[in-house]
Amino acid sequence: MLRADGTPFPGLYAAGEVAGFGGGGVHGYRSLEGTFLGGCLFSGRQAGRAAALAVS
Ligand SMILES: Cc1cc2nc3c(=O)[nH]c(=O)nc-3n(C[C@H](O)[C@H](O)[C@H](O)COP(=O)(O)OP(=O)(O)OC[C@H]3O[C@@H](n4cnc5c(N)ncnc54)[C@H](O)[C@@H]3O)c2cc1C
């Protein structure tokens, strides 16, 4: 997660729609229906990897 100024919020992770990829995010405002699963998987993978790295 990022603070309002764009800097990382330590120890706070987001995956799925709450990560902000919808509504003009990764796929843009003209994204096709049915393309959110990819963003859910991608953001979950990134958040999980970052959390694992933080505790290793
Ligand atoms: C009608 C419809 C059709 C769709 N069709 C497609 C499709 O064909 N292909 C595609 O890729 N995407 C589709 N999507 C989008 C896709 O379903 C979502 O992007 C995806 O489900 C988001 O997953 P998520 O885990 O981020 O959020 P969600 O699936 O919304 O999960 C969030 C969870 O958090 C829980 N929650 C909320 N507040 C709290 C709280 N305070 N405490 C504990 N739990 C809480 C909720 O109950 C929910 O279970 C569709 C969406 C809709 C509405």
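Author: Leu53 counts as exposed because it has 8 C-beta neighbours inside 10 Å, where a residue is called exposed if 12 or fewer other C-beta atoms, placed from the backbone, lie within 10 Å of its own, buried if there are 20 or more, and partly exposed in between. This is a predicted model, in which local features need pLDDT of at least 70 and side-chain atom pairs count only at pLDDT 80 or more, while totals for chains, interfaces and linings use all residues. Residues are numbered from 1 along each chain as its sequence is written.

Leu53 has its place in helix α1, which runs over residues 36-55; helices are DSSP runs of H or I with at least four residues, strands are runs of E with at least two, and both are numbered from the N terminus. Helix α1 is hardly covered, with 2 buried residues among its 20.

Turning to the rest of the protein chain, Leu53 and Phe21 are 32 residues apart in sequence, and their C-alpha atoms are 23 Å apart in space. The protein chain has 1 helix and 0 strands, and its C-alpha trace spans about 40 × 25 × 10 Å along its principal axes. Of the 56 residues in the protein chain, 5% are buried.

Note on methods:
Expected span 1.5 Å × (residues − 1).
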